[in-house]
Amino acid sequence: MTDSVSVVGVASDGERPGAVGMTDADHEEVRQLFARYSQTLDFGDAEGFVACFVEDGVLDTSAPEEGLSGVHRGREALRRFAVASTEYSAGRVRQSSLNVLVEGDGQTARATSYVIVTRAYPDATKPHLKPSPVTRSELTTTGMCFDELVKVQGRWLLSRRQFRHDGLPEVLERVERPITAGAYPEPAS
Amino acid sequence: MALTARDYAEIKQASARFCHSIDFGDLGGLVQCFAPDEGFETPADPPAESSAPGAIPEAYASRIMPLRLGIRDGKGHTRHTPLGVMIDGDGATARALWSVILSRDLGVPAGTRRATSSLPLGTGFYADDLVKHAGRWVFASRRFFWDWSADAGKLVGKPLEIQPVDAGEIRTEMTALDYEAIRQLLTRCGYTLGFEDYDGFADCFTPDGYYSVAVDQEGHPECRLRARGRRQLWQFAVDGTEDGLHGHVRHTALSPLIEGDGRRALVSSYALVTHDFGGPAHPKQRVNSGVLFTGIYRDEVVKVDGRWLLSRRTFRKDTVSDVDALVGKPLKVEPFDD
């Protein structure tokens, strides 16, 4: 975490005595973690991005671009990913996790979320984006994040995040199967 | 009894489970999202083995047939994605209004690239009535309407019925209810602007609230607009409606990152502004909404008598110089300089 970004804790409201599982504060902290992940990555704050993960955290993405695709394990690899991502997106890409489904025990959690990605264009390079003179952005991609999270010293962090573009076979394999939260299962060997 | 932070969290989980279930065809999961009624009993536990359609009792299947048709049509490629929500209730019942974008991916393209692209099919709203059944929140009814529909048109210019979150007394740190109240404030601000509830929009701000906007339009230099106080804010909302798009624009704030001390907070979020095309021009038209523009909100909010309000909102379109200046720097949640 960079010096400029404060670590934010969340006090619980009306927590049930003896409750086991995810508290309202846990849910909120996971949401804030996902927002911080998006904003640090989209604006090229590599250190802030790396700080969203545990020390040996893993990001596994279906992005096809060189330097972005595949598995990135550990902070140095994640840092390189963030730098490469900023070079590719030039600060014009916005990704948000929505429909976040979380299951956990208060110390570890699994989450599945939808991701929508938009991109803004600085000039009229996209003729189809001209139904109105103010239109310079488009929804480019949707996908899903499958996450494993762990609470370390009171803070929720990502231990593993998998991103898959919608429409890929791994995502379509989930059709007509019970919905579960969490990382996509490793393919059977 | 007012809704607690846990109630809000559980209602959001119920909605997320609904959307995941309908998009991926988990019919057992879908049934679990609803309250039992008319002799349709919800099983005590989700089906353990399979939720394929054949495993669902016929009574359930007929009840959710319209949803099944939606699933079949989507074939795992459609996504129902709520962008923001406002919820009120009494602890036993609740109502919720969610802005929603429907999208569809275009499948894996030919060639070696594995990335897919997606299209926004349309935008609309879920209007929910929820009840707490056996200790968990379920839908008594969930109704969807498109942004171009008559149902949406009826809401234009009308005050929003759902009440703001009462976040209680000021404490020395941010509570989960504070976060929820702030997030719903952002949704309310966008909703009232899109539905031209100008009084409701101005009421999202403190009496001396400030709003500054920097936008660019093709062929023109960056333009800055400012409003201070509720009278100017009201006029700002009136003047800001896009020509020819009255009642068809939706403003949402995504990925809100919130830092605060229980009395005051700073928020950074992504603006996604969409518009619908007024309905399909012909029955097979599938794309009925588009992105108008995107940008960044940087806000200061304060807690006044239990309610969070905007004291300062700064908006920058994603293509203006203030946004470029953020790239490559440590993320700092603070309003843009004017």
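How many residues of chain B are in contact with chain A? In this predicted model, 69 residues of chain B are in contact with 68 residues of chain A, two residues being in contact if their C-beta atoms, placed from the backbone, lie within 7 Å. Local features need pLDDT of at least 70 and side-chain atom pairs count only at pLDDT 80 or more, while totals for chains, interfaces and linings use all residues. Residues are numbered from 1 along each chain as its sequence is written, and chains are lettered from A and ligands numbered from 1 in the order in which they are written.

- Helix H1 (residues 5-24) of chain B gives the most to the side of chain B that touches chain A, with ten residues; helices (H or I, at least four residues) and strands (E, at least two) are DSSP runs, numbered from the N terminus.
- That side of chain B has 30 nonpolar, 24 polar and 15 charged residues. Ala, Val, Leu, Ile, Met, Phe, Trp, Tyr, Cys and Pro count as nonpolar, Asp, Glu, Lys and Arg as charged, and the others, Gly among them, as polar.

**Chain A**
- Chain A has four helices and six strands, in the order α-α-β-β-α-β-β-β-β-α from the N terminus.
- Among contacts in chain A between residues at least 6 apart in sequence, 53% join residues at least 24 apart.

**Domains of chain B**
- Chain B is divided into domain 1 (5-146) and domain 2 (176-324), with bounds from an automatic or database domain assignment.
- 13 residues of domain 1 of chain B are in contact with 20 residues of domain 2 of chain B.
- S3(B) gives the most to the side of domain 1 of chain B that touches domain 2 of chain B, with five residues.
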